[in-house]
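Hi,

Here is the structure I promised to pass on.

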Amino acid sequence: MKLKVTSLLVDDQEKALKFYTEILGFVKKTEVPLGDHKWLTVVSNEERDGIEVLLEPMAFAPAAAYQKALFDAGIPLMAFNVDNIQSEYERLEKLGVVFSMKPTTMGPVTIAVFNDTCGNNIQIVQL
């Protein structure tokens, strides 16, 4: 069994695609129209055959309640590894990304948390 796709709830797929590609540097992998929404995935530019992140539309009310509860509690919905968290933090901050947690060392890892503008807290992690 392999992990191939994981989903990330987003309030607007086009806004999410723009943020995840133009700001974070991901690459669009798949786009399949499905009525009002689409199957829309992105992958890391560094691992184009790696795990796809499905930008999941908010078409199910309980999903919106779940996303809001996580966001309001400051809990990240997803985490991405980075090689140098301080340089990534500085790069993203220059692009206007809003962080709720600056790079903070916690034992063997350093983490930071930002708002992805699509309703989610996202964590970056340096191991």
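This is a predicted model: local features need pLDDT of at least 70, side-chain atom pairs count only at pLDDT 80 or more; totals for chains, interfaces and linings use all residues.

Residues are numbered from 1 along each chain as its sequence is written, and side-chain values use heavy atoms, with hydrogens and water left out.

UniProt, in an unreviewed entry, lists residues 2-127 as "domain: VOC"; its positions are given in the numbering used here, feature names are shortened, and annotations may be inferred rather than shown by experiment. That span is 27% helix and 41% strand, and its end C-alpha atoms lie 23 Å apart. Helices (H or I, at least four residues) and strands (E, at least two) are DSSP runs, numbered from the N terminus.

Of the 21 residues lining it, Phe-26, Ser-44, Glu-46, Phe-80 and Asn-81 are the closest to its centre. The elements giving two or more residues to that lining are β5 (78-81) and α3 (85-94), and β5 has the largest share, with 4 residues. (A pocket is an open set of points on a 1 Å grid over the protein atoms alone, where a 1.4 Å probe fits, with protein on both sides within 12 Å along at least five of seven lines; lining residues have an atom within 4 Å of a point.

Next, Asn-120, in the loop between β7 (109-115) and β8 (121-126). Asn-120 counts as buried because its relative accessibility is 1%, where buried means under 20% relative accessible area with a 1.4 Å probe and protein chains only. A polar atom of its side chain lies 2.7 Å from the backbone oxygen of Leu-9. The side chains of Asn-120 and Asp-116 are joined by a polar contact of 2.9 Å (a pair of N or O atoms within 3.5 Å; within protein, one must be able to donate a hydrogen and the other to accept it, and residues adjacent in sequence count only if both atoms are side-chain atoms).

Asn-121 lies in strand β8. Asn-121 is buried too, at 6% relative accessible area, and a polar atom of its side chain lies 3.2 Å from the backbone oxygen of Phe-71.

Cheers

Methods
Buried means under 20% relative accessible area, exposed over 50%, partly exposed in between (1.4 Å probe, protein chains only).
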